[in-house]
Amino acid sequence: MTRPSEVRPGWGLRSYLAASHLIPLVVAPLLRRRLRRGKEHPTRWPEKQGMGLAPRPEGPLIWLHAVGLGEVLSLRGVIARMAAARPDVSFLVTSTTAVSAEVFEKNAPARTMHQFLPLDAPRYRKRFLDHFAPDLCIWAEQDLWPGFVSAIAARGIPQCIIAARMNAKSFKAHQRAQSLFCDLYQMMALVTAQDQATATHLESLGATVRVTGSLKPAAPALTCDPTALGTLRAAIADRFVWAVAPAYAEDAKHARAAHDTLRQSDPTALLIVVPRHPAAFADDPAPKRSNGQWPDQNTPVWHCDTFGELGMIYRVAQAVLIGGTFSDIEGHNPWEAATLSTAILCGPRRANFQTDFDALISAEAAVPVADADGLAIALQKQDLTALGERAANLVTNAAAATDQLATDLLQMVKA
């Protein structure tokens with residue numbers, strides 16, 4: 001059997017590696033534009049060029065990479081399990097978005113640090129790998145950087161892909177670069193998938209795959225600021241509270257219409273809108289957390305438009321409409337709400353988390369709705385407490401596969 005470090009790259013990977021030498025020519029103006037638009041961290045952006053890196057902790061280091069906020073937060077469960085089993089191991093998590101760094105730092109497990117992944121140019125990845133010298137590299141879900149994968153394999157560092165997901169649209173895109181991805185998958189010591197459809201797609205591209213399910217049910221409950229939580233609980237008192245999170249315009253439109261119906265029977269009901277992109281809701285006259293405003297007993301709708309507050313919202317809301325399920329976003333992670341026993345409602349567009357929603361719906365732990373009328377009926381007729389309890393129970397059962405995955409990953413790290 002060919003070892004990952006012995007894989008000879010085909011034309012696709014060779015072409016990519018050659019082109020990656022050009023990346024530094026365009027990085028400086030690109031990062032400046034993103035800084036001006038608030039899309040890069042104001043002080044940590046040099047990390048994307050492999051500079052200004054944090055000190056490496058002593059001892060074995062496991063590096064995990066995920067692209068954005070939801071994927072990064074999902075890593076917390078498997079990290080916690082590995083950390084408990086190996087107290088000598090530290091963890092480095094990388095991502096690419098500023099929001100993911102901000103929220104992850106509030107929820108980071110013990111012995112875990114965050115950095116931004118450098119862009120995939122030879123000099124940047126060399127700086128990063130020379131500095132951190134990881135003992136294991138774990139790529140999560142979707143994001144795979146070919147130059148890094150090749151450089152890691154050349155150094156003899158074991159690497160793997162966990163909780164991969166690839167829908168039909170993504171599979172077609174990958175097929176156009178099949179030679180490239182076949183080489184990358186051959187460099188992996190382990191590839192796991194969230195569902196059988198993803199496994200089939202990956203196998204068609206040359207990977208050997210094991211289905212282990214999603215990491216998201218195994219992640220610990222989101223944290224929150226206890227002072228802010230106390231302030232919100234005092235403000236809402238004994239009102240019926242529900243939320244739409246993380247909300248896009250289409251989700252908020254359906255939620256507001258359902259809330260108008262709900263308030264006909266319960267005039268004290270409060271809807272909390274948690275915008276995914278707060279700027280898109282800037283003109284909405286509802287009071288906003290970013291302005292230091294809290295709901296009072298007469299507030300029908302309140303915007304919690306500051307990042308990293310879902311842990312607070314799910315602790316006070318009896319139910320949540322998961323955002324993106326009424327838009328082409330096709331859904332967000334429902335497990336963060338399930339972990340906190342919040343009743344889950346979802347619209348008809350769930351393709352981005354289809355397996356997760358199917359599991360919850362089949363267990364009668366989530367309720368699908370087609371429109372605002374259906375949403376209002378669900379809020380009034382469903383036993384929301386029982387719905388939340390079933391969701392929490394499903395979290396406990398679904399997390400078991402992550403225990404075995406953590407054990408398998410640690411076997412690749414020398415004691």
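Gln175 has its place in helix H8 (residues 168-175); helices here are DSSP runs of H or I with at least four residues, strands are runs of E with at least two, and both are numbered from the N terminus. The model is a predicted one, in which local features need pLDDT of at least 70, side-chain atom pairs count only at pLDDT 80 or more, and totals for chains, interfaces and linings use all residues. Residues are numbered from 1 along each chain as its sequence is written, and side-chain values use heavy atoms, with hydrogens and water left out.

Let's stay with Gln175 for a moment. Its relative accessibility is 39%, so Gln175 counts as partly exposed; buried means under 20% relative accessible area, exposed means over 50%, and partly exposed lies in between (1.4 Å probe, protein chains only). Gln175 and Leu202 are 27 residues apart along the chain, and their C-alpha atoms are separated by 10.0 Å.

**Two crossing helices**

Helix H1 (residues 11-19) packs with helix H9 (residues 178-186) at an angle of about 90 degrees, and their axes are 6 Å apart. H1 is therefore roughly perpendicular to H9, a term that covers angles of 65 to 115 degrees. The axes are lines fitted to C-alpha atoms, for helices over the stretch in contact, and the angles run from 0 to 180 degrees between N-to-C directions. On the H1 side, Trp11, Gly12 and Leu13 meet Ser179, Leu180, Asp183 and Leu184 of H9; contact means heavy atoms within 4.5 Å. By class, this contact has 4 nonpolar, 2 polar and 1 charged residues.

**A helix with a buried face**

In helix H16 (residues 372-381), the buried residues are Ala372, Leu375, Ala376, Ala378 and Leu379. Seen down the axis of H16, they fall within an arc of 160 degrees, so they line one face of the helix; the arc is that of the directions from the helix axis to the C-beta atoms. An α-helix has 3.6 residues a turn, so residues three or four places apart point the same way. Exposed Asp373 and Lys381 sit on the face of H16 turned away from the buried side. Among the partners that the buried residues of H16 pack against are strand E8 (241-247), helix H12 (249-265) and helix H17 (384-398).

**Two buried residues**

Thr192 belongs to strand E6 (residues 190-193) and is buried, with a relative accessible area of 0%. The side chains of Thr192 and Thr212 are joined by a polar contact of 3.3 Å. Ser100, in helix H5 (residues 98-107), is also buried, at 0% relative accessibility. Leaving out residues up to four places away in sequence, Ser100 touches Gly68, Leu69, Val72, Ser95 and His114.

**Backbone spots worth a look**

Most residues other than glycine have a negative phi, and most peptide bonds are trans.

| Residue | Phi | Relative accessibility |
|---|---|---|
| Arg111 | about 60 degrees | 35%, partly exposed |
| Glu364 | near 55 degrees | 53%, exposed |

Arg111 is in the loop between H5 and strand E3 (112-116), while Glu364 lies in the loop between helix H15 (354-362) and E13. The peptide bond from Ala245 to Pro246 is cis, with omega near -20 degrees, and Pro246 lies in strand E8.

Notes:
Angles under 35 degrees count as roughly parallel, over 145 as roughly antiparallel, 65 to 115 as roughly perpendicular and the rest as oblique. Ala, Val, Leu, Ile, Met, Phe, Trp, Tyr, Cys and Pro count as nonpolar, Asp, Glu, Lys and Arg as charged, and the others, Gly among them, as polar. A polar contact is a pair of N or O atoms within 3.5 Å; within protein, one must be able to donate a hydrogen and the other to accept it, and residues adjacent in sequence count only if both atoms are side-chain atoms.
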